[in-house]
Amino acid sequence: MSSQLINGKEISNTIRTGIQKEVQDLIAKGITPGLAVILVGEDPASHTYVANKEKACKELGIYSKLIKLPEDTTEEDLLAQIKQLNEASEIDGILVQLPLPKQINEQKVIETISPLKDVDGFHPNSVGKMLLGQETFLPCTPHGIMKLLEYSNIEVAGKHAVVIGRSHIVGVPMGQLLLQHDATVTYCHSKTKNLQEMTKQADILVVAIGRAKMITADYIKEGAAVIDVGMNRDENNHLCGDVDFDSVVEKTSAITPVPGGVGPMTITMLMYNTVQSAKTKLA
Ligand SMILES: Nc1nc2c(c(=O)[nH]1)N[C@@H](CN(C=O)c1ccc(C(=O)N[C@@H](CCC(=O)O)C(=O)O)cc1)CN2
């Protein structure tokens, strides 16, 4: 079967062109969208992602403020930084790069960010609104995946979508967004029995497990669309996903690569949320 390669970079660029236009319109009205990113510690992958976020801001004309804090930062100091940013008029969005060092309670950090500036969509207010289908900041990776499906003309309504992973950042909101688009959704996770039996029923399979190349052809139904959220290093230190791309591609109707699939969309939807936040200043 010939498979459609879902090009996240290309789709991202198309969406970013629209965002750039919106930024220019806002600037013409005296509003420069602003994003603050807090990076705690030395995790190399987090440093790469944050650098990519800064680059995207620059390219789109969004003001970005990067706050780098040492690995031994206390929770108290981090919360104080967030509170200052909550009050800063030039900042429309606040993002604390995850994961955080172990001395810091992630949930407490997320709940300290003003829901009005929660461009990650992780605050309980945003999560609750998302579950109710109300307008809010949607978490960037699942929102980006919905955009990948839309731009690739992959119908969601009536399809059986299987999501592997139940993190608050990806798995859980992913299933909810698919449900809101009328998919029948099955969640799978580390305690799921007979994972292969489940995944082989998927018309759309979203994989967010964090284990390099775990999903092989045996897990795939012929003609499925496969979305790989994984970001791992293989035995040669090359970036790879949770899906064994070479083994499954022939069986799929569409598939995202790693890199160049879901990752760029995460950053694009962050830019989108930041601009949506800035637009509230127009009223
Ligand atoms: N506060 C947050 N922390 C984290 C999030 C998040 O959405 N908010 N998600 C992930 C990491 N992440 C964004 O922060 C992210 C991961 C990957 C990419 C990406 O563009 N990947 C590229 C490859 C990049 C590389 O060369 O290493 C790709 O897939 O093509 C962007 C963002 C955890 N933390």
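Which residue follows α7, and is its phi positive or negative? The residue after α7 is D182, and its phi is positive, near 70°. The structure described here is a predicted model, in which local features need pLDDT of at least 70, side-chain atom pairs count only at pLDDT 80 or more, and totals for chains, interfaces and linings use all residues. Residue numbers start from 1 along each chain as its sequence is written. Helices (H or I, at least four residues) and strands (E, at least two) are DSSP runs, numbered from the N terminus.

Strand β2, residues 34–40, is joined to β3 by 7 bridges in the parallel sense, and I38 stands opposite I67 of β3.

I67 belongs to strand β3 and counts as partly exposed because 16 C-beta neighbours fall inside 10 Å. On this scale, a residue is buried if 20 or more other C-beta atoms lie within 10 Å of its own, exposed if 12 or fewer, and partly exposed in between, with C-beta atoms placed from the backbone. Leaving aside neighbours within four places in sequence, I67 is in contact with A36, I38 and Q81; contact requires that the C-beta atoms of two residues, placed from the backbone, lie within 7 Å. The C-alpha atoms of I67 and V37 are separated by 6.2 Å, although the two residues are 30 apart along the chain.

A second open sheet has 6 strands with parallel pairing, in the order β1-β11-β8-β7-β5-β6. Strands β1 (4–5) and β6 stand at its edges with a single partner strand each, so one side of each is left without a neighbour in the sheet. Between β5 and β6 there are 5 bridges in the parallel sense. Within this pair, A161 has V185 of β6 as its bridge partner, while V163 is partnered by Y187 of β6. Strand β5 is largely enclosed by the rest of the structure, because 4 of its 5 residues are buried. In helix α7, the buried residues are G171, P173, M174, G175, L177 and L178. These buried residues of α7 pack against α5 (124–132), α6, β5, β6 (184–188) and β7 (204–207).

In an unreviewed entry, UniProt places the feature "domain: Tetrahydrofolate dehydrogenase/cyclohydrolase NAD(P)-binding" at residues 139–281. That span is 34% helix and 19% strand, and its end C-alpha atoms lie 22 Å apart. The UniProt annotation "binding site", also from an unreviewed entry, covers G165, R166 and S167. UniProt positions follow the numbering used here, feature names are shortened, and annotations may be inferred rather than shown by experiment. R166 is found in the loop between β5 (160–164) and α7 (171–180), and S167 has its place in the loop between β5 and α7 as well. With 17 other C-beta atoms within 10 Å, R166 is partly exposed; not counting residues up to four places away in sequence, R166 touches G171, V172, Y187 and H189. S167 counts as partly exposed because 15 C-beta neighbours lie inside 10 Å, and, with neighbours within four places in sequence left aside, S167 is in contact with V172 and A208.

Finally, the surroundings of the ligand can be described. Of the 20 residues around the ligand, Y49, L98, P259, G263 and T266 come nearest, where a residue is near a molecule or strand if its C-beta atom, placed from the backbone, lies within 6 Å of it. At least two residues of this shell are supplied by each of α2 (44–60), β4, α6 (140–151) and α10 (262–279). Helix α10 gives the largest share, 4 residues. By residue class, the shell divides into 12 nonpolar, 7 polar and 1 charged; Ala, Val, Leu, Ile, Met, Phe, Trp, Tyr, Cys and Pro count as nonpolar, Asp, Glu, Lys and Arg as charged, and the others, Gly among them, as polar.

Terms used. Two strands pair if DSSP finds at least two bridges between them.
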